[in-house]
Amino acid sequence: MRSPRSLLPLLGWCAATLTSVALASVAMLPVLRTATADEGTLVSVDQLRGPVDLPSAAPPTPSRPATVSPAPPTATPTSTSSPSRTRTPTQEPKPPAEATAPATVTKEDGWTVTTAANGDRTYVRAFRVEGGQTVIRATDGVIKLVTATPSDGFAVATVQNTPDNLAVYFNEVNHSFIVHVVWQNDKPFAEVSEIGT
């Protein structure tokens with residue numbers, strides 16, 4: 001029979017593996033929650049060079065979350081030495097989601113613009129070029145990459161020197177597509193370029 005001491009390396013390895021799986025799962029949650037672009041908002045380089053004529057799709061309507069009644073507050077012990085002392089929650093329940101005004105969704109220069117009840121505007125746009133596709137989000141002077149997926153034979157690279165300036169490169173040998181977005185005049189401005197052949 002093996003001694004319990006000989007199992008310590010195995011138990012340590014199991015603990016480290018479980019910890020790394022849990023951390024990786026938590027780190028991937030924002031990526032997995034990111035919505036993918038619908039095909040109606042993707043544009044080609046040719047469409048961006050000429051007047052933009054996107055199919056007019058009805059803006060998505062925000063879904064209302066189900067109303068959940070808050071659970072009644074319960075007393076919980078604060079110390080194991082004195083079980084008679086209890087702490088009760090003092091926070092008031094939040095008002096239901098229906099009490100706030102819904103966000104409005106519009107289209108501006110190819111961008112899907114969501115205006116929150118407080119007036120904050122979020123711009124989202126999908127770009128499709130021969131080298132791949134990307135989705136970019138812009139809010140109040142900050143440009144963020146949501147996704148960038150290269151086509152077969154292409155590699156993707158991003159450059160962001162300042163929060164208000166982002167370039168996404170889809171590269172193959174002697175040929176590149178560049179999606180460049182800057183924050184200008186209180187809204188995002190996008191330019192798509194093709195370099196090489």
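Predicted model: local features only at pLDDT ≥ 70, side-chain atom pairs only at ≥ 80, totals over all residues.
Residues are numbered from 1 along each chain as its sequence is written, and side-chain values use heavy atoms, with hydrogens and water left out.

Let's start with the overall layout. The protein chain has two helices and 11 strands; helices (H or I, at least four residues) and strands (E, at least two) are DSSP runs, numbered from the N terminus. Of the 197 residues in the chain, 20% are buried, where buried means under 20% relative accessible area, exposed over 50%, and partly exposed in between (1.4 Å probe, protein chains only). The accessible surface, from the Shrake-Rupley method with a 1.4 Å probe, comes to about 14,200 Å², and 58% of that belongs to carbon and sulfur atoms. As for contacts (heavy atoms within 4.5 Å), take those between residues at least 6 apart in sequence: 30% of them join residues at least 24 apart.

Now look at one of the sheets. Four strands line up as E8-E9-E10-E11 in an open, antiparallel sheet; strands count as paired if DSSP finds at least two bridges between them. Strands E8 (155–162) and E11 (187–196) stand at the edges with a single partner strand each, so one side of each has no neighbour in the sheet. Neighbouring strands here are turned by 15 degrees against each other on average, direction ignored. The angles are taken between axes, which are lines fitted to C-alpha atoms (for helices over the stretch in contact), and run from 0 to 180 degrees between N-to-C directions. E8 and E9 (residues 165–172) are joined by six antiparallel bridges, and Thr158 has Val168 in E9 as its bridge partner.

Val168 turns up again around Thr134, being among its contacts beyond four places in sequence, along with Phe127, Leu145, Phe170 and Val179. Thr134 sits in strand E6 (residues 132–139) and is buried, at a relative accessible area of 1%. Its side chain reaches the backbone oxygen of Thr147 at 2.7 Å.

Finally, find Thr115 in strand E4 (residues 111–115). Thr115 is also buried, with a relative accessible area of 18%. Leaving out residues up to four places away in sequence, Thr115 touches Ala103, Thr104, Asp120 and Arg121.

Note on methods:
Polar contact = N/O pair within 3.5 Å; in protein donor to acceptor, adjacent residues only side chain to side chain.
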